[in-house]
Amino acid sequence: MSAHPDERDAPWLDPKAQPYVRIENVTKKFGEFVAVNDVSLNIYRGEIFCLLGGSGSGKTTLLRMLAGFEQPTSGRIFIDGVPMEGVPPYERPVNMMFQSYALFPHMTVEQNVAFGLKQEGLPRAEIEERVAEMLSIVKLNGLEKRKPHQLSGGQRQRVALARSLVKRPKLLLLDEPLGALDKKLREHTQFELVNIQERLGVTFIVVTHDQEEAMTLATRIGLMDQGRIVQVGTPYEIYEFPNSRFVAEFIGNVNMFEGRLVEDEPDHVTIDSHDLGGTLYVGHGVSAAPDALVWAAIRPEKMVLSREEPPGQHNKASGIITEIAYMGDISIYIVELDSGKRVRVTQPNTHRHADDRFSWDERVWVSWSDSAAVVVTE
Amino acid sequence: MANPSYVSLGQRLISALEAVLAVIVSSYPYRASAGLLRRAGVTGRTLVIAIPTIWLLLFFLVPFLIVLKISFAETRWLGSPPYTPLFEWVEGQYLQIKLSFGNYLFLLRDSLYVQAFLSSLKVAFISTIFCLLIGYPMAYAIARASPSWRNTLLMLVILPFWTSFLLRVYAWIGLLSNQGVINQVLMSLGITREPIVMLQTDFAMYVGIVYSYLPFMILPLYANLEKHDPSLLEAAVDLGCRPFRAFLSITLPLSRPGIIAGSMLVFIPAVGEFVIPRLLGGTSSLMIGRVLWDEYFANRNWPVASAVAIALLLLLVVPIVIFQRMQARETFGAAR
């Protein structure tokens, strides 16, 4: 699903790297409502940073503060080392792609894209050249004279992208860039966006509510909830090492087992879970008091179904299959454990023949390895 | 939802209406006449369009034809009606039609009419410009005001309509006359010793016209500006455009339909305006509406008055129709 962090540059791991965008303790209040609550972030050159969160999580407000449409109530924003306090949007080295695209309806595609360059007072020949170049990058050749209402959703999206990139901004802010496209077009456009980003070397900050979109696009994800950043990390880190129940449940599917710490060693812990009706053995240490209430999060694809009872005394439970969804590449099984807890297990369909597949109401064992679970304390 | 008894009352009313309709639809007279109409090619849609069509025929086209007919007649100074008949039976055998173009030629020959028409156009044009200059910022401010304020502000724009038009013009006489409120305030403050003559001047006439027609400018402009997507302006500013230039290159062109609608609603009635120039304007203000009035009531020259009316109508309507055709071609032509 995501690129492994080692495959890409990771400037955030380099202590000497200068962040391109620095957000310091930024808070934004609308009256009594706190939209953004004490957010600090460093975003580096060439990143695709996704602000991910549900509606009302403050991600769009944060983006609008970067663009200059809103002023922080407190805290500071630096872009390329320059404080942005009091700098109006039209003087920021930033361009934004709007969620609704905000194309000028009375202008042609060409005029829309040229608009930003005209504001700079560039010579006409140069404007024409750069507009043509940008239109060919987003593959809109031949549509120059059309007006926005004569374009399809995907074409409009590309005009908006071309218009915001033609000024060669160092930083592009994208508000739900793929939100208005249908699923197939969205996947295609995701890859195109990444290609264009790499080709032009622009830093992207993308706001999205769609976790799949964030996983595919992002170098790093900042997950937001109620105005706060709850976790920052690569898609891999966010998915495999969530730091809270909220993160684990927001990204992908997860089975959450509540329990108490029984054994707390540096290299492993055991958890007594009434949800499971047994004990969990987790192969990593946890910083929590003994007997503390903790949760073990296990992804559905890391669980195994079997008819025979697996060996060992931890990390297993028996139950009855109550629902099966055949998805083609995988099947999703909902198993009701003897404790009454329902868990979700996905199994790849490696064989074409259906003889040995599990069926409804079958009694099965669910098990997983020592490294499958992540323990979270909040 | 908030008031369940109200909803159930509404539902009861609707179901009662449905029951009544069901009875009517199933009755024999309805079915028989509906069947007849259907066989004659009359559908529900034609019936719906028929009502405004009949209204326009009766109250617009028929009077227009009568005026058109009179304009081709000759003046008869004695007798009633005060014009010669257009159609006459000669010896009870032929139908004789006498069309006289003399009235129209007379309009061209006597410079009074051309001058009156030109000065009406001038007055209407200047009034429209002033309405636009005053009305646009007002409409813009209302459209940008918070939703709770918007209705109050719109109400204030519409409120004067609840008072008689004539009363409001007379109120201006009270304000502008030599002993009027404005002059008394100015003199008591010592700004001027002699009263400033404002009534019976072009100034007073323009004040009256602009004041009276301003709502007709504001309302269509507001209707247009209120629909503008604020993110368009943000996009323009984001692309490096200063706010005022963003207004000029985005808001202004997008509000063109509103500007045109408002200007037409002010300009067209202002050309024929005759009450305001007569009550507030000086004797020198020559307006086509006033000439028409004098021709009709003072001179009792119905054919010339009718010719003036027809000429005015044609001179206003023809350019507007051409203009609208061009507009339609521009918008729909671009769509395909």
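## Close-up views of a predicted two-chain model

Of the 378 residues of chain A in this predicted model, 40% count as buried, a residue being buried if 20 or more other C-beta atoms, placed from the backbone, lie within 10 Å of its own. Local features need pLDDT of at least 70 and side-chain atom pairs count only at pLDDT 80 or more, whereas totals for chains, interfaces and linings use all residues. Residues are numbered from 1 along each chain as its sequence is written, and chains are lettered from A and ligands numbered from 1 in the order in which they are written.

View 1. Chain A has eight helices and 20 strands, taken as DSSP runs (H or I of at least four residues for helices, E of at least two for strands) numbered from the N terminus. Its C-alpha atoms fill a box of roughly 75 × 50 × 40 Å along the principal axes. Domain 1 (5-245) and domain 2 (253-376) divide the chain, with bounds that come from an automatic or database domain assignment, and their centres, taken over C-alpha atoms, are separated by 39 Å. Five residues from domain 1 and five residues from domain 2 make the contact, which requires C-beta atoms, placed from the backbone, within 7 Å.

**View 2. The largest nonpolar core.** Among the 106 residues of this core, A:C50, A:A162, A:L173, A:I205 and A:A296 touch the most other members; a nonpolar core is a set of buried Ala, Val, Leu, Ile, Met, Phe, Trp, Tyr and Cys residues joined through C-beta atoms within 7 Å. Because domain 1 and domain 2 of chain A both give residues to this core, it lies between them. Leaving aside residues up to four places away in sequence, A:C50 touches A:V206, A:T208, A:A214, A:L217, A:A218 and A:I221. A second, separate core of 48 residues includes B:I70, B:A204, B:F216 and B:A305.

**View 3. Helices α2 and α3 of chain A.** The axes of α2(A) (residues 109-119) and α3(A) (residues 124-137) come within 10 Å and cross at roughly 130 degrees, the axes being lines fitted to C-alpha atoms over the stretch in contact and the angles running from 0 to 180 degrees between N-to-C directions. On the α2(A) side the contact is made by A:E110, A:V113, A:A114, A:L117 and A:K118, and on the α3(A) side by A:I127, A:R130, A:V131, A:M134 and A:L135.

How values were computed: A residue is buried if 20 or more other C-beta atoms lie within 10 Å of its own, exposed if 12 or fewer, and partly exposed in between; C-beta atoms are placed from the backbone. Two residues are in contact if their C-beta atoms, placed from the backbone, lie within 7 Å.
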